[in-house]
Amino acid sequence: MNASFGARLSTAVSARGPLCAGIDPHPGLLADWGLSADVAGLERFALTAVEALAGEVAVLKPQAAFFEAYGSRGVAVLERVIAEGREAGALVLVDAKRGDIGSTMAAYAAAYLTEGSPLAGDAVTLSPYLGFGSLDPAVRAAAENGRGIFVLALTSNPEARTVQSARTADGKTISQSIVDSAAEVNSGADPLGGIGLVIGATVGAHGLELSQLNGPILAPGYGAQGAGPAELKAVFGDALPHVLPASSRDILKHGPDVAALRGAARRTLDDVAALSSV
Ligand SMILES: O=c1ccn([C@@H]2O[C@H](COP(=O)(O)O)[C@@H](O)[C@H]2O)c(=O)[nH]1
């Protein structure tokens, strides 16, 4: 792959607008869509979401956990979602939140970031809580393969605060130290580095200094977790142009009708786009 992930993401967002639509096959949603809680139901759910959304949104984010819950056949469905989502023109961010010591991280990088692997989308979410440096094999694989990573910095769930807002020996919050490590890797990249961050749209006042990041920010928590356009503006301020709001259940609840799913994604995009004119 020739173009960098930062360049591909910038092009996709310019063409389609800033939205990451999640594919989270919750058992409750499968039931609401009239589907069985088995691999056949999972497959129908996920591929309907791909059909509805992959031609519309810049980024699709399948949540790996809901596929893994069905074992190897569920993972095979995830592989189809990745392949078919990309074929239909969306960038696919696999939300797997992997993290481990460096030597094991190399295997995750082979699985999620290396050309030819059936689980490799365009980017993957990673956890830095074994130390940002433990992600080095993934950082290298991402650059070599034109792919991206999104590193958890300040997540949307309230329980995260005690860990992520704790301070390191130099007085920085842990989340700020993750921002700074990502900024160091992204420095000088044009138009945008391939190391993104995950910062929830729900986090409220956070005090993070994001001006040097030079990378994308995935903002889950939009919709079902309570954040809307006003929260995006308040949380991200000047960083808003690099923010990719992520919404799953709030869009998926409109299925299984394909047109209704598309309509929900478009309304979300319109609400987000209106922010740039405020
Ligand atoms: O901080 C985080 C990191 C990841 N997520 C994931 O995003 C979606 C959110 O789903 P909704 O239905 O829009 O609430 C889900 O896959 C989470 O695992 C997050 O919510 N917060």
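A residue is taken as buried if 20 or more other C-beta atoms lie within 10 Å of its own. In this predicted model, Val-77 has 22 other C-beta atoms within 10 Å and is therefore buried. Val-77 belongs to helix H5, which covers residues 71-87. Apart from residues up to four places away in sequence, Val-77 touches Val-39, Leu-42, Glu-43, Ala-46 and Phe-67. By contrast, 26 Å separates the C-alpha atoms of Val-77 and Tyr-222, which are 145 residues apart along the chain.

Helix H3 comprises residues 39-53. At 1.5 Å a residue, its 15 residues should span 21 Å, and the end C-alpha atoms are 21 Å apart, which agrees. The buried residues of H3 are Leu-42, Glu-43, Phe-45, Ala-46, Ala-49, Val-50, Ala-52 and Leu-53. An α-helix has 3.6 residues a turn, so residues three or four places apart point the same way.

The strands form a closed barrel of 8, in the order E1-E2-E3-E4-E5-E6-E7-E8, with parallel pairing. On average, neighbouring strands of this sheet are turned by 30° against each other, direction ignored. Strand E4 (residues 123-126) and strand E5 (residues 148-154) run parallel and are joined by 4 bridges. Leu-126 has Val-151, in E5, as its bridge partner.

Around the ligand lie 18 residues, of which Thr-155, Ser-156, Pro-220, Ser-248 and Arg-249 come nearest. Strand E8 (243-247) and helix H11 (249-252) are the elements that give two or more residues to this shell.

Key:
Residues numbered from 1 in each chain as written. Predicted model: local features only at pLDDT ≥ 70, side-chain atom pairs only at ≥ 80, totals over all residues. Buried ≥ 20, exposed ≤ 12 C-beta atoms within 10 Å, placed from the backbone. Contact = placed C-beta atoms within 7 Å. Expected span 1.5 Å × (residues − 1). Near = placed C-beta within 6 Å. Pairing = 2+ DSSP bridges. Axes fitted to C-alpha atoms, helices over the stretch in contact; angles between N-to-C directions.
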